[in-house]
Amino acid sequence: MAGSNSSSAITLETTPTWAVAVVCFILITISILIEHALHLLAKYFNKKRRKYLIQALDNIKTELMLLGFISLLLTVLQKPIAKICIPKGAAETFLPCQSLTTDDDEEEEPKCEQQGKKSLMSRAGVQQLQLLIFALAFFHILSCFLTFSLGTLKMRRWKFWEAETRTLDYQFSHDPRRFHLIHQTSFGKRHLNFWSEHRFLRLPVCFLRQFYGSVYKVDYFTLRHGFIMAHFAEGAEFDFHKYIRRALDKDFKVVVGISPWIWTFSVLFIFLNAYVFHSTYWLPFIPLAMLLVVGTKLQGIITKMCLDSNYKSSVVRGNLVVRPDDQFFWFAKPKLLLHLMHFILFQNSFQLAFFTWTTYKYGLNSCFHRKTVDIVTRIVMGVLVHFLCGYVTLPLYALVTQMGTKIKNSVFTDGMISGLRRWQAKAKRKLAKRKNNLLAHNSLDISPSSFDAINSSLSLDISPSFRTLDGTSSN
């Protein structure tokens with residue numbers, strides 16, 4: 001035995017082999033079922049040609065592998081961590097509870113006990129930390145799936161709006177030969193009002209608008225038309241709804257992952273749960289506050305695009321054309337909103353994971369839940385943020401973030417990208433073959449200047465649009 005404090009523990013030496021075999025069989029069976037379920041899900045996404053969702057599944061598998069490695073490290077280093085001794089004064093700072101309470105059955109390392117110190121973290125504490133990390137990763141992945149599923153469900157109506165743009169009624173009502181005053185159009189009536197010109201009046205209106213009809217049909221039609229006019233020829237047939245779905249799938253691949261800076265914030269959140277910070281009164285409200293700010297900004301961008309068009313000309317021929325521009329976004333970076341959504345979902349997942357972990361391990365009457373209002377606050381905030389993010393902010397984000405200056409490479413379908421890549425590879429092979437033939441023909445008598453001229457004349461100038469097909473994004 002490793003010490004007197006573990007002399008009474010039951011080890012594998014005194015455990016029936018059939019019990020060990022049963023536990024191993026159950027764990028292996030569960031792992032195989034999970035792996036098989038992920039494999040079936042990948043096959044379904046491949047059948048539906050949802051390439052970015054397959055990549056999101058790969059990210060999930062990577063996170064699960066990382067969690068397994070962290071669990072292995074904690075298991076191996078459990079004893080060395082417990083043998084790290086710190087002064088009792090340091091061990092009594094930044095506690096999660098106001099009053100210092102110790103468990104009578106808590107085991108202390110003999111080495112630290114002899115020195116009059118305490119362990120940096122007990123062996124039981126290391127095991128509990130493993131549960132917290134797994135709960136955090138599980139809730140983050142689950143919340144991302146639920147939020148994006150809720151948003152996708154609401155955006156299904158956009159499919160019917162997209163089909164409406166091909167009807168005769170739509171083409172007649174949007175006749176390009178007609179002249180209109182911008183403030184008389186449906187889009188102008190919605191966004192050009194007495195409050196539009198004043199920032200301090202516009203912000204409250206945009207804040208309230210996200211709670212009722214965050215995306216109107218006229219907003220979808222106008223932003224769709226502005227996108228097509230900016231990146232395609234006038235009158236081009238383009239399925240804007242499918243493009244948004246592909247772009248959202250690609251964003252989901254980013255959000256479902258747990259990047260290093262997200263892990264850094266998770267460590268910070270664990271530290272801030274000390275009683276001295278009174279985090280119960282403010283930490284659960286951070287995701288909601290950030291979500292409302294993002295929603296207000298997205299509504300404000302639509303209004304600013306309408307104001308921008310009105311400043312240039314108060315009369316429009318045919319459909320109102322809004323101009324996509326990065327300057328409408330914070331720091332001219334539309335992708336910043338994606339990172340904010342990532343942070344919001346993670347922070348909310350952390351709140352739910354921490355509440356579930358403390359309830360499972362210590363019960364509802366522990367010091368982690370000081371009052372009933374604390375329990376209600378965490379649950380209500382967690383559910384409310386998920387609902388608002390999925391049903392309100394996510395559809396608004398999916399539409400407005402397409403209005404940047406640059407077009408995303410998700411505008412190309414998988415078949416189109418494969419065809420362009422094959423064309424590019426074939427062109428390069430033909431160029432190389434032609435170059436080799438010319439060099440072989442002139443190898444007997446050729447000067448350095450002639451060699452440089454051949455290279456320059458045969459150089460293939462590939463446009464930036466095709467360079468993005470090699471894997472780099474244009475946005």
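Predicted model: local features only at pLDDT ≥ 70, side-chain atom pairs only at ≥ 80, totals over all residues.

**Entry 1: α2 against α6**

From α2, I listed I60, L67, I70, S71, L74 and T75. Across from them, in α6, I found V126, L129, Q130, I133, F134, A137, I141 and F145. I then sorted the residues of this contact by kind: 11 are nonpolar, three are polar and none is charged.

Next I looked up the geometry. Helix α2 covers residues 51-76. Its axis and that of α6 come within 10 Å and cross at roughly 175°. An angle over 145 degrees counts as roughly antiparallel, so α2 is roughly antiparallel to α6.

**Entry 2: α6 against α16**

I stayed with α6, which spans residues 123-154, and turned to α16, residues 372-400. At what angle do the axes of α6 and α16 cross? I noted roughly 45°, with the axes coming within 8 Å. The two helices are therefore oblique to each other. I also noted the hand of the crossing: α6 passes α16 in a right-handed one.

Which residues of α6 meet α16? I wrote down S143, T147, F148, L150, G151 and K154. Their partners in α16 are H386, F387, C389, G390, Y391, V392, L394 and P395. By kind, I had eight nonpolar residues, five polar ones and one charged one in this contact.

**Entry 3: M341**

I picked M341 next and placed it in helix α15. Is M341 buried or exposed? Its relative accessible area is 3%, so M341 is buried.

I then asked what M341 touches, leaving aside neighbours within four places in sequence. The contacts are V294, C389, T393, L394 and Y397. Two of these names were already on my page: C389 and L394 are among the α16 residues that meet α6.

I also checked a pair distance. M341 and L291 are 50 residues apart in sequence. Their C-alpha atoms are 7.6 Å apart in space.

**Entry 4: α7 against α12**

I moved on to helix α7, residues 157-164, and helix α12, residues 240-255. They pack at an angle of about 145°, and their axes are 8 Å apart. W158, K159 and E162 are the α7 residues I listed, and they meet F240, H241 and I244 in α12. This contact divides into three nonpolar residues, one polar and two charged.

E162 made me stop, and I looked it up by itself. It lies in helix α7. Buried or exposed, for E162? With a relative accessibility of 2%, E162 counts as buried. Setting aside neighbours within four places in sequence, I found E162 in contact with Y220, R224, F238, D239, F240 and H241.

**Entry 5: the loop between β4 and α15**

I went to the loop that runs from β4 (315-317) to α15 (335-362), where F331 is found. A332 lies in this loop too. Phi of F331 is near 55°, a positive value in a residue other than glycine. For A332, phi is likewise positive and near 55°, again in a residue other than glycine.

How accessible is F331? I read 72% relative accessibility, so F331 counts as exposed. A332 has 26%, and therefore counts as partly exposed.

**Entry 6: H174**

I looked up H174 and found it in the loop between α8 (168-173) and β3 (179-181). I then checked H174 against L320, 146 residues away along the chain. The C-alpha atoms of this pair are separated by 9.3 Å.

**Entry 7: the whole chain**

I counted 19 helices and four strands in the chain. The chain has 475 residues, and 40% of them count as buried. I noted its accessible surface as about 27400 Å², with 63% of that belonging to carbon and sulfur atoms.

Note on methods:
Residues numbered from 1 in each chain as written. Heavy atoms only, no water. Axes fitted to C-alpha atoms, helices over the stretch in contact; angles between N-to-C directions. Parallel < 35°, antiparallel > 145°, perpendicular 65-115°, else oblique. Left-handed = near helix turned anticlockwise from the far one by under 90°. Contact = heavy atoms within 4.5 Å. Nonpolar A, V, L, I, M, F, W, Y, C, P; charged D, E, K, R; others polar. Buried < 20%, exposed > 50% of the residue type's maximum accessible area, 1.4 Å probe, protein only. Areas by Shrake-Rupley, 256 points an atom, 1.4 Å probe, with all protein chains shown as cover.
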